[in-house]
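Work through the following exercises with the sequence and the model at hand. Each task is followed by a solution in steps.

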Amino acid sequence: MAKPRIVVLGAGLGGAIAAFEIKLAVGKKADVHVVSQGDTFHFVPSNPWVAVRWRTRDAIEVKLPPVFQKKDIAFTGVGASKVDPATNTLHLADGQALAYDYLVIATGPELAFDEIPGLGPNGGHTQSVCHVAHAETAADAFDKFCQNPGPIVVGAVQGASCFGPAYEFALILDTELRRRKVRDKVPMTFVTSEPYIGHLGLDGVGDTKGLLESELRQRHIKWVTNAKVASVDEGLMHVEEIAEDGSVRAQHDLPFGFSMMLPAFRGVEAVRGVEGLVNPRGFILIDKHQCNPTFPNIMALGVCVAIAPTGKTPVPVGVPKTGFMIESMVTAIAHNLKEILDEQEPTHEASWNAICLADFGDGGVAFVAQPQIPPRNVNWSASGKWVHLAKVGFEKYFLGKVKRGESEPFYEKLALDILGVNKIKGA
C-alpha cells in the first residue's frame, strides 16, 4: 500500500522550514513533496540590504534540490497553476498534475502593484524590496539617483500588511545616504496607511510609536499617516490623507527622485477563487489547528493565511505575519500531521508569538509580542545598535539552518525556552 503524500506548496521562509519539520515529525509514515516556483531559497528579510548593495543576491540564496534530496524530500521547481481540493490534485505550471493526501500551502502572497496606477517596478515608477529581483532593480535605481540626488518617498500603501521593512528601508537609506555624503541633498518623506507611526498593523508593540517617531524625527524624515496612494506618476506621488470619518483631510503631491512603496498583498493565482478555501482576497481560511474548515486535509501557514485586522482604521491596514509567528504555524502543522497520520484528532495550536528585528544599518528596533494580536501577555520593544548585530547574526543562522535542512536546532529551542517564547500554545 502506497504511503500518504504530503505536498508542501512553496519553499520560502515558511515552506522550506515546514518541509524539514514535517519530514522530521512524520518520518517514514508519509512521503513529503515540495512544489516551488524555482529551485532557490532567498532570505527575504535581507532584501533591503541588497537594495543598497550591503548584500549580493548570491549571499542570501540557497539551492534547494541538494538539501531536500539529503532529507529524502521530493522536489518540483516548476510552480503550480491551480489547487483542486475536490480531487486532491495540484495542477503544475508545466501541465502535469500531482495528487496529494495532505496539502500544506505556504506560497506567500502575490504582490498587488496593479491596484494603484503607476505603482511598482514592473511598468510603474516605484521600487520594491518584496523580492530579491526587485531589490536588485532598486539598487540600480538608487545608484543612479545618488548621481543626481533629490527627494525620496518610502512607505506602505493602503491594504499593505508588512510595515517593518518599510521603516527598515527608510532608515537604511538614511544611513547609506550619509555614508555617501549626499544626505543633505535628500528630503525624505515616509508615507503609510497606518493610523499612526509604529502601528505596524498590530496596534503597536510596546512603545514602537515613540521609538519609531523618535527615529524619524532625529533623521529629519517627515511622515504622512492614514495615507491612501491614489496614483503615481514619474517623479510625483499623489497621496490622499484620510480623516477618521473616511473623508479626504488633505491631498499631498509628493515629488521624488527615488521611491520604494510596499504594495498590498493578495492570494496567489493558484488558490484565488477556490470556494471554501479562500477569502475574497485569496487568503487561505484556517481554523485554530491551521486546517481549512471546508477541506481539512489542506493546511496553510505564513503570509498566505487569512487574518482579520486588529481593529477599524480610516485606511485599510493588514496584519503582518512575522518570521517567528510563521515558524509557530510550521510547528503546529508538523505536530498535527503526525497526530492525523496516527489516526488522532489534531490538537496543536500555534502560539502566534512574534519576535521582530528591524535593522537601520547603524542601530534598529526590536520587539516581542506574545501573542502577536492584542491583547498580549508580553508587549515589549527596545532600540539600540545591538539590533543591527542581532539581525546580521540571525541572517547567518537562518541561512545555515536552511543549508543543513534543519527546522529548529537544539540551541534555538534552548534559547527560546530561556526567553519563555513558545511556538505552541500551552507549551
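**Exercise 1.** Determine in which sense strand E1 and strand E9 pair, and over how many bridges.

Solution. Strand E1 (residues 5-9) and strand E9 (residues 102-105) run parallel and are joined over 4 bridges, where strands are DSSP runs (E, at least two residues) numbered from the N terminus and pairing requires at least two bridges found by DSSP. Within this pair, Val8 has Val104 of E9 as its bridge partner.

The model is predicted, with pLDDT of at least 70 needed for local features and 80 or more for side-chain atom pairs, while totals for chains, interfaces and linings use all residues. Residues are numbered from 1 along each chain as its sequence is written, and side-chain values use heavy atoms, without hydrogens and water.

**Exercise 2.** Describe the pairing of strand E14 with strand E15 and the turn that links them.

Solution. Strand E14 (residues 227-233) and strand E15 (residues 236-242) are antiparallel, with 6 bridges between them; in E15, Met237 is the bridge partner of Val232. The two strands form a hairpin with 2 residues between them, and Gly235 in the turn has a positive phi of about 80°.
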